[in-house]
Amino acid sequence: MDSVNEEKDNIFVCDGLVKIYKTKDVEVMALQGLDLEIKRGELLAIIGKSGSGKSTLLNMLGGLEKPTAGRLYADGRDLFAMNEKGLVEYRKNTVGFVWQNSAQNLFPYFTAVQNVEAPLYFDNMSEKKRRERAMHLLHLTGIDHKADSYPAQMSGGEQQRVAIAVALAHEPKILLADEPTGAVDTKTSNMIQDLFRKINQETGLTIIIVTHDISLANKVSRVIMISDGKISTEKIMKEEFRQKLDSLTTENLAQVESHEEYSVLDKAGRVQLSGETLELAGIDTNKVKVEVEDGKIIISK
Ligand code: ADP
Ligand code: MG
């Protein structure tokens with residue numbers, strides 16, 4: 001940690017995270033020195049193509065995957081310096097997970113309310129308290145009317161509402177969702193996005209959502225884009241847009257310039273430029289001229 005302040009404001013600090021997967025004959029570098037800070041109470045979307053390292057990062061934030069190099073501070077602690085007991089405790093109480101496939105999130109032979117109660121069985125809690133907590137969470141996620149239904153009796157979107165309630169059972173500080181809307185239609189997907197936003201606003205929970213769908217990310221205050229295991233660009237929602245957000249419909253949402261896009265400048269002074277940007281500027285060589293003019297940096301052939 002650089003300062004006490006940083007420790008307080010940031011729930012996550014990723015410092016040069018590297019992950020190498022070794023299989024029999026190939027090595028894959030899923031994260032290539034990733035730096036990222038996430039503030040407490042943030043609602044953040046992570047986007048990027050398939051294979052760019054999104055799930056690897058999310059699993060690392062959840063304490064499920066150890067980095068090959070680099071450090072990860074979570075909730076003020078050096079996560080992978082903790083012993084196994086500490087990590088288990090962290091996975092159980094500090095983070096909640098929602099996966100893409102609702103079958104991965106729910107027990108098929110339990111009703112909705114029993115699914116939410118399941119993580120609480122080994123806690124020291126009366127049956128009545130457990131039921132109350134589960135019903136409260138199903139109410140929060142807007143699915144309490146299906147409390148006694150089994151997953152097979154619910155739509156994909158309804159199942160994901162239950163899954164979110166399950167993830168919240170232990171009152172985590174952080175909710176991690178890996179492509180939670182990957183298996184539902186656009187309308188349902190929008191509803192789930194709105195639900196994440198509501199939970200974030202009402203409870204102040206830090207929520208991190210991985211998605212490959214760029215259009216889904218436009219209601220979120222910060223969107224980071226991963227490419228090749230590093231963060232390449234970051235989009236921050238414009239304040240004027242944030243104020244209008246609730247009055248916009250999904251149709252006109254797409255037509256408004258919601259975010260300002262920034263390229264990430266890393267500690268070594270590197271900026272990653274997208275292929276699109278280079279093409280627009282007509283740069284097709286591997287050497288560029290860099291000049292400073294009127295306080296601006298100009299990159300040219
Ligand atoms: P994303 O979620 O963005 O699609 P992943 O984080 O799942 O990307 O994967 C990043 C890269 O790491 C991919 O090339 C993937 O094939 C590889 N990878 C992920 N998990 C493993 C694993 N357990 N073993 C080997 N390679 C893996
Ligand atoms: Mg993935």
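1. The largest nonpolar core of this predicted model comprises 36 residues, and those with the most contacts inside it are Leu138, Val162, Ile164 and Leu175. A nonpolar core here is a set of buried Ala, Val, Leu, Ile, Met, Phe, Trp, Tyr and Cys residues joined through side-chain atoms within 4.5 Å. Buried means under 20% relative accessible area, exposed over 50%, and partly exposed in between, with a 1.4 Å probe and protein chains only.

2. At least two residues of this core come from each of β3 (43-47), α5 (112-117), α6 (127-140), α7 (156-167), β7 (174-178), α8 (186-203) and β8 (206-211). Helices (H or I, at least four residues) and strands (E, at least two) are DSSP runs numbered from the N terminus. Helix α7 provides the largest share of the core, 6 residues.

3. Ile164 is in contact with Val98, Thr141, Leu175, Ile192, Leu195, Phe196 and Ile199, leaving aside its neighbours within four places in sequence. Contact means heavy atoms within 4.5 Å. Another core, of 31 residues, lies apart from the largest one, and Val95, Leu176, Ile224 and Ile226 are among its members.

4. Which residues are around ligand 1? They are Tyr21, Val28, Ala30, Lys49, Ser50, Gly51, Ser52, Gly53, Lys54, Ser55 and Thr56, where a residue is near a molecule if one of its heavy atoms lies within 4 Å of it. By class, this shell has 3 nonpolar, 6 polar and 2 charged residues. In this scheme Ala, Val, Leu, Ile, Met, Phe, Trp, Tyr, Cys and Pro count as nonpolar, Asp, Glu, Lys and Arg as charged, and the others, Gly among them, as polar.

5. Taken alone, ligand 1 exposes 560 Å², of which the protein buries 61%. Accessible areas come from the Shrake-Rupley method with a 1.4 Å probe; for residues, only the protein chains shown count as cover.

6. The elements giving two or more residues to the shell around ligand 1 are β2 (27-39) and α2 (54-61), and α2 gives the most, with 3 residues. Helix α2 is mostly covered, as 7 of its 8 residues are buried: Lys54, Thr56, Leu57, Leu58, Asn59, Met60 and Leu61. Gly63, which follows α2, has a positive phi, near 75°.

7. Is Arg197 buried or exposed? Arg197, found in helix α8, is buried, with a relative accessible area of 13%.

8. Met125 has its place in the loop between α5 and α6 and is partly exposed, with a relative accessible area of 26%. Beyond its neighbours within four places in sequence, Met125 is in contact with Leu120, Arg130 and Arg133.

9. Glu260 lies in strand β11 (residues 259-263) and counts as partly exposed, at 40% relative accessibility. Not counting residues up to four places away in sequence, Glu260 touches Glu234, Lys235, Ile236 and Lys238.

10. On conventions, residues are numbered from 1 along each chain as its sequence is written, and chains are lettered from A and ligands numbered from 1 in the order in which they are written. Local features need pLDDT of at least 70 and side-chain atom pairs count only at pLDDT 80 or more, while totals for chains, interfaces and linings use all residues; side-chain values use heavy atoms, with hydrogens and water left out.
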